[in-house]
Amino acid sequence: MDIVVFTLAEQLILTLAALMLFTSFLLLAQTRLLTLIHIFALQGGLLCVTTLVIAFTYGRHHLLISAALTLGLKVFFIPILLQRLVARLDIKREVEVVGNPTLIMLGAAALVLFSYYAVLPIRELSMLATRNTIAISLAIILLGMLLIISRRKAVVQVVGFMCMENGLLFAAVAATQGMPMVVEMGVALDVLVAAILFGIFFFQIRTEFGSLDVDKLNRLKEVD
Amino acid sequence: MHNLNFSTYSALYLTLIIPLVGSGVLALCGHRRIAGSLNLILCSATFITSFILAVEIFYSGSIITPLNFFYVDAFNVYLVLLNSFVGLTTAVFSGPYMAHEQKIGRVKNAGMRLYHSMYQGFLFTMLLALTTNNLGILWVAVEGATLATVLLVSLYRTPESIEAGWKYFILCGVGIAQAMFGTTLIYFAAVQIIPDSSQALMWSVLYAHASELEPTVLLLAFVFLIVGYGTKVGLVPLHNWLPDAHSEGPTPMSAILSGLLLNIALYAVVRFKMLIDPALGTNIAGHIMMGFGLLSFMVAGLLLHRQLDIKRMFSYSSIEHMGLITFAFGIGGPLATFGALLHMIVHSLTKSAIFVTVGHAAQLCKTQSINQIRGLIKIQPEIGWSLLIGTVAIAGLPPFGVFTSEFLLFSATIKSYPWLVITLLAGLCIAFAGLFKHVQPMVFGVRSHGVIKIKANMWPVALHFCIILWLGIAVPEVLAGWIDQATIMISGKGVL
């Protein structure tokens with residue numbers, strides 16, 4: 001393989017990508033609810049910094065709005081909302097992990113390899129840096145799904161869901177230097193509404209089931 | 001195309017603005033007595049404007065609004081019309097139905113406001129998804145449709161309905177995120193060749209450049225798109241949320257979810273297939289769709305047999321039919337495409353009529369359990385007959401429209417993949433047996449005691465049945481020509 005010289009901005013973006021992937025692993029390993037929410041906020045912060053770096057290096061000034069939306073929603077609004085809900089609903093702070101934690105981490109590593117494998121066919125089109133960022137964003141999305149599957153608490157499922165959103169935004173920002181403004185606004189609106197709806201659901205689930213364990217949501221079956 | 005003035009677009013804009021404004025108004029007064037009628041008036045207005053829009057498209061061809069924001073052609077305008085029509089007839093049913101639910105205390109005032117507001121909001125997001133030219137906005141609108149309906153699924157606040165709502169939210173949210181990744185990949189491929197990045201997600205622009213897009217990226221994107229939007233279509237094995245969401249929410253919602261939302265998601269898949277086919281030069285996207293479609297068709301037919309809830313049973317029937325349509329779009333020739341487009345219409349009309357009937361039957365017997373609904377034809381003949389006719393129609397028996405479209409689909413399959421016809425026929429028989437096993441005792445069985453007649457307005461159902469009967473006996477020339485235009489756009493050749 002040729003030795004590729006990255007510009008400073010590309011190096012920064014790749015470092016940030018690696019850090020975002022690292023926070024995804026942290027989310028998977030974390031068993032305390034509040035710390036989990038804090039790590040999620042950290043990931044949002046990294047996404048925001050990435051957006052800013054790209055906005056300034058490539059002169060895409062509409063990305064500044066996108067960065068502001070990320071900062072507002074992912075770093076402040078959603079983590080604070082989740083934290084308040086945890087306090088108000090008096091949820092147990094420890095989260096049970098379904099399955100063996102070591103296996104989950106190994107599975108997560110396998111998912112990262114898979115993501116690199118899946119984007120391998122994308123060739124010639126762009127530089128190595130972009131291919132890396134697409135692979136990492138796919139990995140973040142898949143790790144978000146793994147987080148949803150491997151935990152029993154509804155709150156963690158929401159964090160997983162929002163983590164997937166982070167992966168999507170990262171792909172849009174790092175690989176394509178931002179989607180058109182109107183799309184970004186629409187996506188941000190959807191995320192905002194989704195976050196509020198999740199909050200409403202917590203109250204409904206809590207009232208009906210007495211806890212936020214999704215294991216108790218088991219009345220509807222495929223057959224009979 | 002470009003010399004048209006603003007008044008040309010006014011029908012299009014009004015079609016979108018009326019439900020959007022209506023959603024806001026009903027959020028304020030949705031709990032009052034007049035809300036049902038207001039909802040009906042708004043739906044009528046939307047229907048009228050979309051009818052005008054359809055006539056315009058019929059005479060002057062496709063239109064693109066300034067800045068390429070909206071794009072309406074023969075393919076999406078017929079879905080717009082179908083959407084507003086089913087929205088209207090369901091609104092006729094919804095008014096008295098929800099008033100009854102409010103009276104017996106199942107839904108409180110706040111719930112009624114939410115319901116009516118989201119009814120219009122849901123129609124708006126679906127119409128936006130259909131008419132937008134921007135693939136990103138298409139995603140936002142489809143996700144918006146989920147968000148609009150998710151609280152309606154849990155409207156009754158029973159443990160089951162909350163579970164269904166949560167499942168719907170998480171599964172569709174996760175699924176649709178895959179579609180966003182696919183859309184990002186398409187954008188990634190597009191910005192390499194389209195210099196103006198603000199136009200690079202416009203479907204019409206992409207379609208013009210389709211053959212220049214990088215095929216490897218597009219194929220990868222399509223896999224994500226079919227998984228994402230396929231979750232919303234209810235394709236097996238991504239269908240788990242669908243029977244729950246369709247059975248636990250209020251029945252008018254089930255009618256539009258089953259009749260319309262599934263079509264919208266499939267519409268998105270087909271739009272992407274239209275982009276990907278010229279770039280790849282092979283029918284690999286079609287093969288993926290055929291696989292998913294056939295699997296859904298077979299599995300849903302089998303699962304039909306073991307249902308205990310009448311609405312769940314008919315949701316599996318929806319999965320089965322969406323599978324068949326996906327399969328047909330996958331085959332891709334003119335005949336299959338024509339059949340698939342026709343099947344989208346007849347399935348929507350039949351399924352929404354069935355759900356309206358089922359809603360009446362469930363209110364009559366005060367249960368959704370198949371085992372406790374008995375002898376409908378003796379208790380209230382119009383409901384019994386409607387359920388029977390609806391089931392006959394949806395099972396694909398002549399003389400109804402579903403027979404026509406299925407006949408076309410089968411002919412197309414015999415032409416290109418003769419050996420698959422056996423599987424299709426087997427699936428059809430399995431589904432037929434499953435439906436009638438359950439419906440026969442519900443309609444003809446020994447009537448249960450103590451059931452009193454309810455006030456039921458069966459006009460919307462009768463209207464739907466008349467239309468599908470008409471489509472079964474002779475597809476009107478205007479409609480056939482129209483579907484043919486859409487067929488030419490999708491598959492390159494017409495059948496007429």
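Which residue follows H13(B), and is its phi positive or negative? Let's work up to that one. You're looking at a predicted model, where local features need pLDDT of at least 70, side-chain atom pairs count only at pLDDT 80 or more, and totals for chains, interfaces and linings use all residues. Residues are numbered from 1 along each chain as its sequence is written, while chains are lettered from A and ligands numbered from 1 in the order in which they are written.

**Select chain B.** You'll find 19 helices and 2 strands (DSSP runs, numbered from the N terminus: H or I of at least four residues for helices, E of at least two for strands). Its C-alpha trace spans about 70 × 55 × 40 Å along the principal axes. Buried residues (20 or more other C-beta atoms, placed from the backbone, within 10 Å of their own) make up 63% of its 496 residues.

**Select 334-365 of chain B.** This is H13(B), with 32 residues. It reaches 46 Å from first C-alpha to last, close to the 46 Å expected (1.5 Å times one less than the number of residues). Here 28 of the 32 residues are buried, so H13(B) is largely enclosed by the rest of the structure. Now step on to Lys366(B): this is the residue that follows, and its phi is positive, near 55°.

39 of its residues are in contact with 41 of chain B (C-beta atoms, placed from the backbone, within 7 Å). On chain A's side, helices H5 (128-150), H6 (154-176) and H7 (181-209) each supply at least two residues. H7(A) gives the largest share, 14 residues.

Technical notes: Buried ≥ 20, exposed ≤ 12 C-beta atoms within 10 Å, placed from the backbone. Contact = placed C-beta atoms within 7 Å.
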